Amino acid sequence: MNRQEYLDDIKEKLLGLSEEDIDKALEFYMEALDDRIDDGLTEEQAINAVGTADEVAEQILMDTPLPKLVSATVKPKRALKAWEIVLLILGAPLWIPIVASLFAVALSVVCVLFSLMLTVIAVVFGSIVGGFVAVIAGITGLIAGGGVAALAKIGGGLVVMGLGALLFLPCKSLVLWLFELCGRFFKWIKKQFVKKNVKD
Amino acid sequence: MDVQLKRGLLEILVLAAIKNDDSYGYKIIKDIKPYLSISESTLYPILKRLEEAGCLTVRSEEYNGRLRKYYSITKNGKQRIEDFKNEWKEIMDIYEYVAREEQ
């Protein structure tokens with residue numbers, strides 16, 4: 001593979017990104033090759049040292065924000081032919097629901113993760129606040145002459161508060177873990193788009 | 001080395017490579033090679049990220065009849081290096097404690 005083929009290859013794998021982004025990347029890699037060739041490497045060796053076109057494209061695409069990446073991948077790389085447009089329109093009842101449901105699945109995964117986080121937080125918060133209120137109510141009851149029932153209330157409140165305090169640390173790490181899972185999920189989606197682009 | 005950690009360290013290494021004199025892609029790679037070995041395909045996104053974060057500026061200059069991009073550090077970039085140094089002072093203190101002689 002020579003210099004020009006290599007640069008063309010990179011360009012093709014980046015198609016869909018803005019022209020400015022592509023030009024900037026190409027200028028950079030052109031300079032990189034020239035500098036290494038000036039240093040005494042052959043064209044082939046320089047290309048190997050800089051990284052394969054796939055590596056170059058993957059690094060750039062993985063660093064591109066998700067929305068930009070999606071539009072770059074979805075955008076057709078050439079003008080659509082008339083029959084393709086007809087097919088696209090006729091097929092709309094099919095592909096719109098499919099795309100919509102894929103989107104809905106991704107959204108619900110995120111919703112489930114977030115509601116789990118919220119539940120965990122609510123349990124800890126609820127038991128601490130609830131326990132505290134029960135203790136206060138018990139003390140007031142005791143002053144008002146509530147007797148055994150008021151004492152039981154204080155005891156119950158203390159137990160619940162204790163449970164809440166015990167649960168705090170494990171729940172905190174659970175929430176952090178769920179949050180990380182969410183991030184990994186987004187990364188995975190991104191990877192799907194990049195893989196498709198690089199293979200093409 | 002942990003991927004996330006390497007990524008962060010590379011950004012600082014690149015800033016350190018241009019902190020005294022402006023530099024260009026291939027020279028940056030050669031300068032940081034003794035510490036972390038990378039290729040242009042890794043360097044490019046890092047430079048782009050640093051530029052977007054306002055840590056460096058880029059200008060093109062002619063060299064040998066072709067264009068070469070030179071990178072200069074900004075005030076923001078210098079601040080990033082200072083932050084890094086302060087953060088690692090804390091980490092080194094922790095290291096001293098963790099690695100102290102067993103008794």
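A word on conventions before I go on. Residues are numbered from 1 along each chain as its sequence is written, and chains are lettered from A and ligands numbered from 1 in the order in which they are written. What you see is a predicted model, in which local features need pLDDT of at least 70 and side-chain atom pairs count only at pLDDT 80 or more, while totals for chains, interfaces and linings use all residues.

Let me begin with confidence, where pLDDT is the predictor's confidence in each residue, from 0 to 100. Chain A has a mean pLDDT of 85, with 94% of its residues at 70 or more. Within chain A the lowest confidence falls in helix α5 (residues 66-74), at a mean of 71, and the highest in helix α7 (residues 92-143), at 90. Where pLDDT is low, the predicted coordinates should not be read in detail.

Now the elements, which are DSSP runs numbered from the N terminus, helices being H or I of at least four residues and strands being E of at least two. Chain A has 8 helices and 0 strands, whereas chain B has 4 helices and 3 strands, following the pattern α-β-α-α-β-β-α along its sequence. I call a residue buried if 20 or more other C-beta atoms lie within 10 Å of its own, exposed if 12 or fewer, and partly exposed in between, with C-beta atoms placed from the backbone. On that count 18% of the 200 residues of chain A are buried, and in chain B buried residues make up 19% of 103.

α2(A) has 20 residues and reaches 28 Å from its first C-alpha to its last, close to the 28 Å expected at 1.5 Å a residue; the expected span is 1.5 Å times one less than the number of residues. Its buried residues include Ala25(A), Phe28(A), Tyr29(A), Ala32(A) and Leu33(A), and also the charged-type names Glu31(A), Asp35(A) and Arg36(A). What covers the buried residues of α2(A) comes from both chains, including α1, α3 and α4 of chain A and α2, α3 and β3 of chain B. After α2(A) comes Gly40(A), with a positive phi near 110°.

The other helix is α7(A), whose 52 residues should span 76 Å at 1.5 Å a residue, and whose end C-alpha atoms are 72 Å apart, which agrees. In α7(A) the buried residues are Val124(A), Ser127(A), Gly131(A), Ala134(A) and Gly138(A), and Gly145(A), which follows the helix, has a positive phi near 95°.

How do the chains meet? Counting two residues as in contact if their C-beta atoms, placed from the backbone, lie within 7 Å, 13 residues of chain B are in contact with 16 residues of chain A. On the chain B side, α2 (25-32), α3 (40-52) and β3 (66-73) each supply at least two residues, and the largest share, 7 residues, comes from α3(B). By class, that side has 3 nonpolar, 4 polar and 6 charged residues.

Ile10(A) touches Ala25(A), Leu26(A), Tyr29(A), Ala53(A), Val56(A) and Ala57(A), leaving aside residues up to four places away in sequence.

That brings me back to the strands of chain B, where two strands pair if DSSP finds at least two bridges between them. Three strands form an open antiparallel sheet in the order β1-β3-β2, with β1 (23-24) and β2 at the edges, each pairing on one side only. For the classes I used, Ala, Val, Leu, Ile, Met, Phe, Trp, Tyr, Cys and Pro count as nonpolar, Asp, Glu, Lys and Arg as charged, and the others, Gly among them, as polar. Last, Asn64(B), in the loop between β2 and β3 of chain B, has a positive phi of about 55° although it is not a glycine.
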